[in-house]
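Colleague: I have a model open and would like to learn how to read it. Can you take me through it feature by feature?

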Amino acid sequence: YNATPGQVNLAWQLAKKPFFVPIPGTTQVAHLKENLGAIKLKLSVDDIKKLDDGYASLTVMGDDTRPQLKAQSDVNN
């Protein structure tokens, strides 16, 4: 596809939920332009299935929320 991993990720999210609006955080114009390139990337049904299957096979471990943030939110409550 001649695309970056980030572009593939954003294109995958957009293909799964067209009403979903990913908001990739960036402070650099070059990264914003890169992210916008995901709009042009068209994934096939087979591509989406492969990405879904790959994601489903991952095991996510650990806690990514700082204790201070947890104390101020309803995360895990």
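Colleague: How are helix 1 and helix 3 oriented to each other, roughly parallel or roughly perpendicular?

Modeller: First, the ground rules. This is a predicted model, where local features need pLDDT of at least 70, side-chain atom pairs count only at pLDDT 80 or more, and totals for chains, interfaces and linings use all residues. Residues are numbered from 1 along each chain as its sequence is written, and side-chain values use heavy atoms, with hydrogens and water left out.
Helices here are DSSP runs of H or I, at least four residues, numbered from the N terminus. Axes are lines fitted to C-alpha atoms over the stretch in contact, and angles run from 0 to 180 degrees between N-to-C directions. Angles of 65 to 115 degrees count as roughly perpendicular. Helix 1 (residues 5–16) and helix 3 (residues 45–56) pack at about 105 degrees, axes 11 Å apart. They are therefore roughly perpendicular.

Colleague: Which residues meet between helix 1 and helix 3?

Modeller: Contact means heavy atoms within 4.5 Å. From helix 1 come V8, W12, A15 and K16; from helix 3 come I48, L51, D52 and Y55. Six of these contact residues are nonpolar (Ala, Val, Leu, Ile, Met, Phe, Trp, Tyr, Cys or Pro) and two are charged (Asp, Glu, Lys or Arg).

Colleague: How many helices and strands does the protein chain have?

Modeller: Four helices and zero strands. The pattern along the sequence is α-α-α-α.

Notes. Helix = DSSP H or I, 4+ residues; strand = E, 2+ residues; numbered from the N terminus. Parallel < 35°, antiparallel > 145°, perpendicular 65-115°, else oblique.
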